[in-house]
Amino acid sequence: MQAESTQPSPAPVPQPSQPAQTFFGLTQDATRQGYSRPVFHDDYVGRFPEDPYGEETAPNARVYRVYVEEAAAFDENMVGQSRDGLDVMLVFAGLFSAVVTSFLVQVSQNLQADFSQMSALLLHDLLIVQLAMADGGLVNVTTPSINPAEKFEPDVIDIWINGLWVVSLTTSLVVALAAVLVKQWLHWYMTFRSGTPELRSHIRQFRFMGFEKWRVRIIIGMLPIIMHISLMLFFIGLALFYVPL
């Protein structure tokens, strides 16, 4: 019997390697590090199997598990956007309050009598009298340039500037306080809820109803508007401050 001749198998032909796709000079693997694209699972039947007959409303029923997962995704998106805006608003309100306070400290002195200027005027009158007496002339006792006994009345423009800047500082502090309170509300809203899916869904629903009852999202949306009003009042006072100059 003639032996079958074995032929060596042909070597695989190397395929040309395709260049890796880059994004601003980085490969896709490098750009994906530290970033996870959100994956949406719509296969509820596969992820949440059907409940046995008669257990559709049990503490671990599918309806509660679906609600808990969908509510968690919704809350994370809602609270995440609110937190970002509140952080920026809180930092800006703090810096703006410090700037307004520095201006207000300077202009508030105009609401009371300037005793240093009053002393300078009285010394000037005294010097004139002494010079007249040294020359041997007659000293005419006249009314002094300023009377310390008179009641001081500030200028109307100084009153307006101080009033505008006090209101501006107050509103900015109110915004900062409201931002801190809302951040605490959001923290307690997102705290971990333990227990069965039924209990967690009920707790989440109660918190969400309170969230809507107190109009938290409306409060968050009103904070930038109040901050803009505070800025407008500050700039009006700043314009009045530089008009006499």
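Student: Before we look at two packed helices, how are their axes and angles defined?

Tutor: Axes are lines fitted to C-alpha atoms, for helices over the stretch in contact, and angles run from 0 to 180 degrees between N-to-C directions. Helices here are DSSP runs (H or I, at least four residues), numbered from the N terminus. This is a predicted model, where local features need pLDDT of at least 70, side-chain atom pairs count only at pLDDT 80 or more, and totals for chains, interfaces and linings use all residues. Residues are numbered from 1 along each chain as its sequence is written, and side-chain values use heavy atoms, with hydrogens and water left out.

Student: At what angle do α3 and α6 pack, and how far apart are their axes?

Tutor: Two packed helices are described by the angle between their axes and the distance between the axes. For α3 (residues 62-107) and α6, the angle is about 35° and the axes are 9 Å apart. The residues of this contact (heavy atoms within 4.5 Å) include Tyr64, Val68 and Phe74 in α3, and Pro197, Arg204 and Phe208 in α6. They divide into 9 nonpolar, 3 polar and 5 charged. In that count, Ala, Val, Leu, Ile, Met, Phe, Trp, Tyr, Cys and Pro are nonpolar, Asp, Glu, Lys and Arg are charged, and the others, Gly among them, are polar.

Student: Is Thr191 buried or exposed?

Tutor: Buried means under 20% relative accessible area, exposed over 50%, and partly exposed in between (1.4 Å probe, protein chains only). Thr191 counts as buried because its relative accessibility is 18%. You will find Thr191 in the loop between α5 (156-189) and α6 (197-213).

Student: Which side chain does the side chain of Thr191 make a polar contact with?

Tutor: A polar contact is a pair of N or O atoms within 3.5 Å; within protein, one must be able to donate a hydrogen and the other to accept it, and residues adjacent in sequence count only if both atoms are side-chain atoms. Here the partner is the side chain of Arg207, at 3.0 Å. A polar atom of the Thr191 side chain also lies 2.8 Å from the backbone oxygen of Trp188.

Student: Where is Phe152, and what is it in contact with?

Tutor: Phe152 lies in the loop between α4 (115-134) and α5. Phe152 counts as partly exposed, because its relative accessibility is 37%. Leaving aside neighbours within four places in sequence, Phe152 is in contact with Asn110, Leu111, Gln112 and Ala113. The C-alpha atoms of Phe152 and Gln112 are separated by 7.0 Å, although these residues are 40 apart along the chain.

Key: Helices (H or I, at least four residues) and strands (E, at least two) are DSSP runs, numbered from the N terminus.
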